[in-house]
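Trainee: Could you walk me through how to read strand pairing and helix packing in a model like this one?
Mentor: Gladly, let's take the features one at a time.

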Amino acid sequence: MTNQQSSAAPVGVAPLAVVLVSGGLDSMVAAASAREAGYRLLALSVDYNQRHRLELASARRVAHVLGAERHVVLPLDLAAFGGSALTADIDVPKDGVQPGIPVTYVPARNTIFLSLALGWAEAAGARDLFIGVNALDYSGYPDCRPEFIAAFEGLAELATKAGVEGSPFRIHAPLQDMTKADIVREAARLGLDAGLSWSCYDPAPGGLHCGVCDSCRLRKKGFAEAGLPDPTAYAA
């Protein structure tokens, strides 16, 4: 990982970055960080037939507010594989965050998403990718760890024409070492409307956050610990 801008763009032209925008708070803050750093944004969201597809409407709003030059919502039906409470007929846990990797883990999701972002980046001439993972307040997913991000950056150099020809890619994870409270404060510092984002894994009727899934609990905790008002409408 690096915070240095790529030299792929011509002198005097702001470089492009492909930003993964799920519609959640973390991805919104990561994308806004890319914009603040001077990148022009290509926003990528994936419609993987997730249980919480309401997040895609949030992704569209976020991409628009952040001024993305293009927003692609790519259909990729991971429900065909299943293996997760987000893509199969498996109950979303509501009893609080537990040790270990939860059933809401989608097999290899961030590897798949970063691979898609990498393909677009190479096609578009971008050399920088932004993803909103963090390794502190998260649900135990292995593909949110710094080791994964570093390994994928190495893979990108080996697996692409650009990398082989000496123009490597940089995977930016600006939230990597932040708590959820830190992320909430960063959203406020960046002037973002956190209410545009969507976090809930199991939406309640009326378009409400359920309030009790792991993602909702972490979101609530973040706002409470940051001492900032939570704009989220929860069912519980």
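**Reading the sheet and its helices**

Mentor: Let's start with one residue pair in this predicted model: Val19 stands opposite Phe130 in E4.

Trainee: How many bridges join strand E1 to strand E4?

Mentor: In general, strands of a sheet pair through backbone hydrogen bonds, either parallel or antiparallel. Here, E1 (residues 16–20) and E4 (residues 128–130) run parallel and are joined by three bridges.

Trainee: In what order do the five strands form the open sheet?

Mentor: The order is E3-E2-E1-E4-E5, with parallel pairing. At the edges are E3 (70–75) and E5 (170–172), each of which pairs on one side only. On average, neighbouring strands are turned by 25° against each other, direction ignored.

Trainee: Which strands does H3 touch where it packs on the sheet?

Mentor: H3 touches E1, E2 (40–47), E3, E4 and E5, and the direction of H3 makes about 140° with that of E2.

Trainee: Now the helices: at what angle do H3 and H4 pack?

Mentor: Two packed helices are described by the angle between their axes and the distance between the axes. For H3 (residues 109–124) and H4 (residues 146–159), the angle is about 35° and the axes are 11 Å apart. Their crossing is right-handed.

Trainee: Which residues in H3 and H4 meet?

Mentor: From H3 come Asn110, Thr111, Leu114, Ser115 and Leu118, and they meet Phe148, Ile149, Phe152 and Ala156 in H4. Sorted by class, this contact has six nonpolar residues, three polar ones and no charged ones.

Terms used
Residues numbered from 1 in each chain as written. Predicted model: local features only at pLDDT ≥ 70, side-chain atom pairs only at ≥ 80, totals over all residues. Heavy atoms only, no water. Axes fitted to C-alpha atoms, helices over the stretch in contact; angles between N-to-C directions. Helix = DSSP H or I, 4+ residues; strand = E, 2+ residues; numbered from the N terminus. Left-handed = near helix turned anticlockwise from the far one by under 90°. Contact = heavy atoms within 4.5 Å. Nonpolar A, V, L, I, M, F, W, Y, C, P; charged D, E, K, R; others polar. Pairing = 2+ DSSP bridges.
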